[in-house]
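Let's walk through this one from the place where the chains meet, and then step back to a single chain.

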Amino acid sequence: MQSNAALEYDYTVAKLFTYTTILFGILGMTVGVLIAAQLAFPELNYLLGEYGTFSRLRPIHTDTVIFGFMISGIWATYYYLSQRVLKVSMAESKFLMFIGKLHFWLYFVGALAAVISLLLGFSSSKEYAEFEWPIDIVIVLVWVLWGVSMFGLIGIRREKSLYISMWYFVATFLGVAMLYLFNNMAIPTYFASGGIGSIMNSVSVYSGTNDALVQWWYGHNAVAFVFTVPIIAMIYYFLPKESGQAIYSYKLSLLSFWGLMFVYLWAGSHHLIYSTVPDWMQTMGSIFSIILILPSWGSAINLLLTMKGEWNQLTENPIIKLLVLASTFYMLSTIEGPIQSIKSVNAIAHFTDWIPGHVHDGVLGWVGFMTFAGLLHMAPRMFKREIYSKKLIELQFWLQTTGIVLYFTSMWIAGITQGMMWRAVDEYGNLMYSFIDTVAALHPYWVIRTLAGVFFLVGVFIFAYNMIKTMTSSKELAQEPKNQSPMAA
Amino acid sequence: MFHWLEKNPFFFSVGVFVVIAFAGLVEILPNFAEASRPVVNLKPYTVLEMAGKNIYKNENCITCHSQLIRPFKSETDRYGQVSLSGEYVYDRPFLWGSRRIGPDLHRVGNYRTTDWHENHMMDPKSVVPQSIMPAYPYMFTKTADIDTAYAEALTVKKVFATPYDAPNGTKLGTLEEGRAAALEEAKAIAADMKNKDVKDAVARGEIPQMIALIAYLNRLK
């Protein structure tokens, strides 16, 4: 710990990614609220002509949140904590500083280009991999730069043993690289046909059922390696730091890490239950989804037990509140997913709102709260000012928690309602409802869901305001806080 | 062993990679030989249908419509025969979707017609009063990208040996032949439509997006 005082960490790149986390968070979630509202009030499809339909905006919502908000959040926290756990400053290497900045700017330009390309109607229609091939190439370059940056820093580290957070970051790097490359294999038709037609168009190298398998191996594990693995990396650093408590069990973290790595990838085929994918693959997806509870709950329990004997901090420190609730939502989400993977449940749940409901209790509760908590912990250390307002964090916490609960409860009810209506038959065995009946029945839940989105989004704006105030006008700190982040009332 | 791995990032990374790559090897690869056989009489997309499929793809129709009829009576009653793997062989990408905000479309060609689609795409509420689907009026005036569709057909013919120009199959031919065939097909569809912009465009030798999209939807059977 003594060497810490001597070392000045360089947060230039971490700060840049912090700004884009906030920017893309606001953008992606605003679009999210808009498309939620479009389902309840379809007239809202016509605000922006052809650029404003649900079908154009939905990928912009998902991709801006995944590749904008979340990837920025991952890299903001990575560039902050990797220096600290490796005990080396980025300022020590001009090369790594250069790579770090290049990494950010190429990412930022690529992210803007990606959003614009979707808005203009270029899409490969593979969910969370909609970008056409030129954008894919930029994404691969950005990823390679992160690899150079990370392994470079690991190369010059002082602390020889990699901390748990670094395991998860390395896994994120490898996992996303593998998944993204294989799923996006496509041939640009312009070149293959000798210069005919649009240069943007490409054709997937996989077809039909095979493409579905590769896509959901990707789609499911993009959730694993963007929304789970790096978030665990964050919480393993920020929870002990903010609370001053040591991680409860090293063995449990080992078991959870290697277990998660091995089990997660198998579960992708649970997206394809009752499809034309061979039965044994569907069953494997089901079984491994259930097994996945073990490593997921292993991490969550390890983190909750880290607070053992210090639960009073929950009432005193709103950042701890965010972190603890994040772990709790992680447990909820990772028990819900396996339940939906059971074949008989999946028969009802698949294709319904229960699925986006499940996604959102994970991403809003677990991912969102963890990211906000991480950035709030980092702010006083990066900007050397205390957090602008504790009250605003409390307000954000309660607004967003209310929003999340409204979101998943309304989507549970909507999903199961629609699933049951699709299969309902009368006494003669005829279908009872036409399809449109099952849509009309969802209107009230879609209104509640929109409202839930508004609650969460207002919380994001409060967070952004609090962060900007912290950066610019909060009280300056004489020295770096050790554990609990200082904040004005 | 784990302590040692944590001090050796290279071997640690190799270890992680092997562990995460394992599932893909066992679970995904075996399907590749099995699933790529077409059902009997399945023909590759014509250039016009391909252009329609590309509109379906680029506009992300899959966000609301699935193309996968599951093996339940409630689904086969509603949408038709269960979907088979061999029916998707020429779908690059697959277009199954993951959420039915609207109904499944895998066999929509069996029970909807050109004029139904025309009315529905211009104003969904005119045929389904409670519909929440957006209208797509701009597809009646924007021109479909036939050249790109031709390029895609040529690409899959060359690279994946998709059987174009086979006896009794779909003819592809040269770019000029492809354009001419698409226009012929478009004229037949335009004859069933009433929209003046569309009819005028086809008379001029242009193909609006709506015609290509309807050609694709009519093929889904």
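The contact draws 71 residues from chain B and 71 residues from chain A, a contact being two residues whose C-beta atoms, placed from the backbone, lie within 7 Å. On the side of chain B that touches chain A, α2(B) gives the most, with eleven residues. By class, that side of chain B has 38 nonpolar, 17 polar and 16 charged residues; here Ala, Val, Leu, Ile, Met, Phe, Trp, Tyr, Cys and Pro are nonpolar, Asp, Glu, Lys and Arg charged, and the others, Gly among them, polar. This is a predicted model: local features need pLDDT of at least 70, side-chain atom pairs count only at pLDDT 80 or more, and totals for chains, interfaces and linings use all residues. Residues are numbered from 1 along each chain as its sequence is written, while chains are lettered from A and ligands numbered from 1 in the order in which they are written.

Now zoom in on α2(B). Its partner is helix α6 (residues 164–183) of chain A, with the axes 10 Å apart and at an angle of about 45 degrees. Among the residues that meet there are Val170(A) and Leu174(A) in α6(A), and Phe12(B) and Val16(B) in α2(B). This helix contact divides into nine nonpolar, two polar and no charged residues.

Stepping back, chain A has 19 helices and two strands (DSSP runs, H or I of at least four residues for helices and E of at least two for strands, numbered from the N terminus). The C-alpha trace of chain A spans about 80 × 60 × 45 Å along its principal axes.

Note on methods. Axes fitted to C-alpha atoms, helices over the stretch in contact; angles between N-to-C directions.
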